[in-house]
Each structure stands twice: as structure tokens, then as C-alpha cells.
Amino acid sequence: MILVNTDYVSGKELETLGLVKGSTIQSKNFGKDLLSGLKNLVGGELTAYTEMMNEARDLATNRMVEEAQGMGADAVVNIRYASSAIMQGAAEVIAYGTAVKFR
């Protein structure tokens, strides 16, 4: 599966199949959340949250790809990501794009 954030794939003619998306809501356990809160007082990267967001993006991307594969797509173009805080220590990540088939 080819994944790009452009609206084309070089050298390919595309047939649009439709919108595909994948999402997840992730949180860290209480211990890591507490340690990150303490780190917030002194500054610096909150690595537990960086890892959480990376895992969430990967899971959302995989779910988007599964939806595209179910439609018979060869690629997903114009991929975008969005995230939002759901509650303290939890975030939703959504990946979306356009499933296409090569002609």
C-alpha cells in the first residue's frame, strides 16, 4: 500500500474510491502520567506522551490502511492527521485520506 500526503502518485493514473480513515484514543498509565506531570514543572520533552502519540499515529494509520485494503485500493493519497485532547492524559488521533486504485 502506497501512502502519500500529495494528491497524486508519480507516474500513476488514479481512480478515486473514496475517503478512508482510522482513529484511536490513547492514554498512559497513572504512574507515567504522574511522572510526566512532575517533568512538566521543570520543562523538557515528555517522552511518555511522545511515545503515546507515536503509537496512536501508527495504530490510526494501520486502521486507515485496513479500510483502504477492504475497498481494493492500491494507495491512499492526501493523507492527513489530526489530534485532540479527550481528557487529561488521553488523546484521539485520526488519520484520513483518499483511497485510490491505479488504472
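A residue is called buried under 20% relative accessible area, exposed over 50%, and partly exposed in between (1.4 Å probe, protein chains only). By that rule, R103 and E13 are both exposed. The structure is a predicted model, in which local features need pLDDT of at least 70 and side-chain atom pairs count only at pLDDT 80 or more, while totals for chains, interfaces and linings use all residues. Residues are numbered from 1 along each chain as its sequence is written, and side-chain values use heavy atoms, with hydrogens and water left out.

**Overall make-up**

- The protein has two helices and four strands; these are DSSP runs numbered from the N terminus, with helices being H or I of at least four residues and strands E of at least two.
- Along the sequence, the pattern is β-β-α-α-β-β.
- Of the 103 residues, 30% count as buried.
- Taking contacts (heavy atoms within 4.5 Å) between residues at least 6 apart in sequence, 76% join residues at least 24 apart.
- The accessible surface, from the Shrake-Rupley method with a 1.4 Å probe, is about 6,400 Å², and carbon and sulfur atoms hold 51% of it.

**Sheet and helix**

- Four strands form an open sheet in the order 1-3-4-2, with mixed pairing; two strands pair if DSSP finds at least two bridges between them.
- Strand 1 (2-3) and strand 2 (14-27) are the edge strands, each pairing on one side only.
- Strand 2 pairs with strand 4 (residues 90-102) in the antiparallel sense over 13 bridges, and L19 has T98 in strand 4 as its bridge partner.
- Helix 2 (residues 47-70) lies across strand 1, strand 2, strand 3 (75-87) and strand 4, at about 145° to strand 2; such angles run from 0 to 180 degrees between N-to-C directions, with axes fitted to C-alpha atoms, for helices over the stretch in contact.

**Salt bridges**

- There are two salt bridges in the structure, each a side-chain nitrogen of Lys or Arg within 4 Å of a carboxyl oxygen of Asp or Glu.
- One of them joins the side chains of R103 and E13 (3.6 Å, N to O).
- R103 lies in the segment after strand 4 and E13 in the loop between strand 1 and strand 2, so this pair ties together parts 90 residues apart in sequence.
- K21 and E67 also meet through their side chains in a salt bridge (3.3 Å, N to O).
- K21 is in strand 2 and E67 in helix 2, so this pair ties together parts 46 residues apart in sequence.
- K21 counts as partly exposed because its relative accessibility is 40%.
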